[in-house]
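Student: I would like to learn how to read a fold from its coordinates. Please take me through one case.

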Amino acid sequence: MKKILIALAIALLAPLAMAQTHSFNIGAVSDYRYRGISQSRLKPALQGGIDLSLPSGFYVGAWGSTIRWIKDIERAGGLPGDNELELDFYGGYKGEIGKGLGFDVGLLGYLYPSNNLNPSTNTTELYGALSSGPFTLKYSHSLGNLFGFPGSGNSGYVDASASFEVSGFTVTPHVGYQKVSGNGGYSYLDYSLTLSKDWVGVLWSVALVGADTKTIGGTRAYASPANGRDLGKAGVVLGVKKTF
């Protein structure tokens, strides 16, 4: 797993000289939600990344965010609990199968530096997506354990989304299903509806986000070990992002 993540990092740095275009982004959200689950204990997070477009449809990128969930699990288990960062490295290829039908395939690695959990929360996924007009259907497949769940190799996430322009705003509905292999009680459906607008060179957004998580032994499957709050509860997330 670590070798794959290191290779992804090298793959990101090596193509800098041959990149056709590149962009940087930095932003903040009132709550970092990933697949409907809060990664920041329902609190704000800082985020940023870089994307490189390579010749013939290839691309690589990296993205990072502050998080709280790993630190909370570590401290609840009596471990040092000092990990507050997620780093993602990805690369893939985009193209067209036919007129109006696009595809996107790639590899994505989630790296959590200095985490002390066993199994490790570091995760690698293969993904593939099809898009037509405003609609996108995507599937992601874990190559090993998923975010630290033991015996969860070959977990899958399928999601459908769309993007519509309405009166100068972008409306993005989304629904997805996360299957956690070997840990069925942690599988769930998530959803979101996002409204965004580019104003004065900054992308502003507001989203309704939530996840239909299960209850295990009287406790929500994704309850925060720090305060017991449901990390998949429906809530409003505000965001701001600047791209250079």
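**Reading the fold**

Tutor: The protein has two helices and 17 strands. Helices (H or I, at least four residues) and strands (E, at least two) are DSSP runs, numbered from the N terminus. This is a predicted model: local features need pLDDT of at least 70, side-chain atom pairs count only at pLDDT 80 or more, and totals for chains, interfaces and linings use all residues. Residues are numbered from 1 along each chain as its sequence is written, and side-chain values use heavy atoms, with hydrogens and water left out.

Student: How does the radius of gyration compare with that of a compact globule?

Tutor: The radius is taken over C-alpha atoms, and the globule rule is 2.2 Å times the number of residues to the power 0.38. For 244 residues the rule gives a value near 18 Å; the protein has 18 Å, so the two agree. Along the principal axes, the C-alpha atoms fill a box of roughly 50 × 45 × 35 Å.

Student: What share of the residues is buried?

Tutor: Buried means under 20% relative accessible area, exposed over 50%, partly exposed in between (1.4 Å probe, protein chains only). Here, buried residues make up 41% of the 244.

Student: Now a single residue. Is Thr123 buried or exposed?

Tutor: Thr123 is buried, because its relative accessible area is 0%. Thr123 lies in strand β8 (residues 123-132).

Student: What does the side chain of Thr123 reach?

Tutor: A polar contact is a pair of N or O atoms within 3.5 Å; within protein, one must be able to donate a hydrogen and the other to accept it, and residues adjacent in sequence count only if both atoms are side-chain atoms. The Thr123 side chain reaches the backbone nitrogen of Phe147 at 2.7 Å.

Student: Where is Asp82?

Tutor: Asp82 sits in the loop between α2 (69-76) and β6 (85-98). Its relative accessible area is 49%, so Asp82 is partly exposed. Leaving out residues up to four places away in sequence, Asp82 touches Glu74, Ser114 and Asn116. From Asp82 to Thr123 is 41 residues in sequence and 19 Å in space, C-alpha to C-alpha.

Student: Which residues of α2 are buried?

Tutor: They are Trp69, Ile70, Lys71, Asp72 and Glu74. Just after α2, Gly78 takes a positive phi of about 80°.

Conventions:
Contact means heavy atoms within 4.5 Å.
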